[in-house]
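Biologist: Please show the chain. I would like to go through it question by question.

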Amino acid sequence: MSRKPINVEDYRQQAKARLPSIIFDYLDGGAEDEKGLKHNRSVFDKWRFRPKRFIDISHRDISCNLFNKKWDAPFAIAPTGLNSSFWPKGDFLLASSAAKANIPFILSTASNMSIEEVAQSCDGEKWFQLYVVHEELAVQMVRRAFKAGYTTLIITLDVGVNGYRERDIRNEFGLPLRFSPSLVIDGMIHPAWALQFIRAGMPQLANFITSENHSLEVQAALMSRQMDTRFNLDSLKRIRELWPHTLLVKGIVRTDDAQSAINCGADGVILSNHGGRQLDCSISPMETLYDVSNSIDRPVLIDSGFRRGSDIVKALCLGASMVCLGRATLYGLAAKGERGVDDVIQLLKQDVDRTLAQIGCPSAKQLDTQFITGS
């Protein structure tokens, strides 16, 4: 019997053991030489804590306030695609865990459950992430998300073209999955995953299937899954006019782009290099976080590479309003389903709380640069 996981890396190892290599590579891999993946993790070593003493830390508060709501932890579940490849109804399980933990869940455009299915199945607050594949389709999805009761719309900008993910290319990964002899053998070696996969059926891009795509141009864009490379500030303004609730722009790493997004009506930004899955040599969003958070007067969220509560606390010290978790919660999902997601969330809550105690800060809301030092 395997040991009980005590951190995110333990869940990563259990996910690797349970999943066929083609599926784990999709979850774990990045672009090209995967230097970006390594950099996203190593960048946290640039900063060290400066603990304060003579502080009453007997009562600690890891909650945060964002967009007129109190959340029980300063992190959210980031948008990720094809989650049913890891565990049946993966989108629902992630949303359910987030609702129980009172943290935001962000549904991806590339989800295996539709905007409407997730909204109907979960009670928690839900956010929707939009890939602008085609302007007509974007308008459809924005209207669907509004009708389904989503409170926040997130527009992702950093997938103008698909990243060159060499693991996926070598594995010939795609939907529908191609049942090659190697995949069949790999499935036999991982029977728990294979049986669930057979029972649940082939995952599909549910938001595309349920869309009313009347024009041939939209259908062609969906089949090729190419993003709208013409998207610009005017495009953002048009979506802002359509969406009456909170609007965030994701995939930014520069202060000037953050300022432009706010000037176009965005309510905040999410700093991200897409977890190292797009541009292999991109800077980490942690390297620009402090400058961006001081250049705009709106919330700044961040993702890419977070695995520890100390990583999260460092980001909060540098000005982040909230951290978004991608692979961290997916490792839990892939290893143990909803129970694994619940456990990863709890482990990170405990880790954030423990870090606050260690650095002499009774509340996550009090974190700032006085608690941190680095280059």
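Biologist: Which residues have the most contacts inside the largest nonpolar core?
Modeller: This is a predicted model, in which local features need pLDDT of at least 70 and side-chain atom pairs count only at pLDDT 80 or more, while totals for chains, interfaces and linings use all residues. Residues are numbered from 1 along each chain as its sequence is written, and side-chain values use heavy atoms, without hydrogens and water. A nonpolar core is a set of buried Ala, Val, Leu, Ile, Met, Phe, Trp, Tyr and Cys residues joined through side-chain atoms within 4.5 Å. The largest one holds 105 residues, and those with the most contacts inside it are Val-269, Met-286 and Leu-367.

Biologist: Which helix gives the most to this core?
Modeller: Helices (H or I, at least four residues) and strands (E, at least two) are DSSP runs, numbered from the N terminus. With eight residues, the biggest contribution to this core comes from helix H17, residues 338–359.

Biologist: How many residues are in the other core, apart from this one?
Modeller: Leu-66, Trp-71, Ile-106 and Ile-270 are among its members. The count for this separate core is 13 residues.

Biologist: Is Leu-82 buried or exposed?
Modeller: Leu-82 sits in the loop between strand S4 (75–77) and helix H4 (90–101). Contact means heavy atoms within 4.5 Å; beyond four places in sequence, the contacts of Leu-82 include Tyr-26, Phe-173 and Leu-205. Buried means under 20% relative accessible area, exposed over 50%, and partly exposed in between (1.4 Å probe, protein chains only). Because its relative accessibility is 8%, Leu-82 counts as buried.

Biologist: What is the relative accessible area of Asn-207?
Modeller: Asn-207 belongs to helix H10, residues 206–209. Leaving aside neighbours within four places in sequence, Asn-207 touches, among others, Ser-108, Phe-128, Met-141 and Arg-144. Asn-207 is buried, and its relative accessible area is 0%.

Biologist: What percentage of the 375 residues in the chain is buried?
Modeller: In soluble globular proteins, nonpolar side chains tend to be buried together. For this chain, buried residues amount to 58%.

Biologist: What radius of gyration does the chain have?
Modeller: The radius of gyration is taken over C-alpha atoms, and the globule rule is 2.2 Å times the number of residues to the power 0.38. For 375 residues, a compact globule would therefore come out near 21 Å. The chain agrees with this, at 20 Å.
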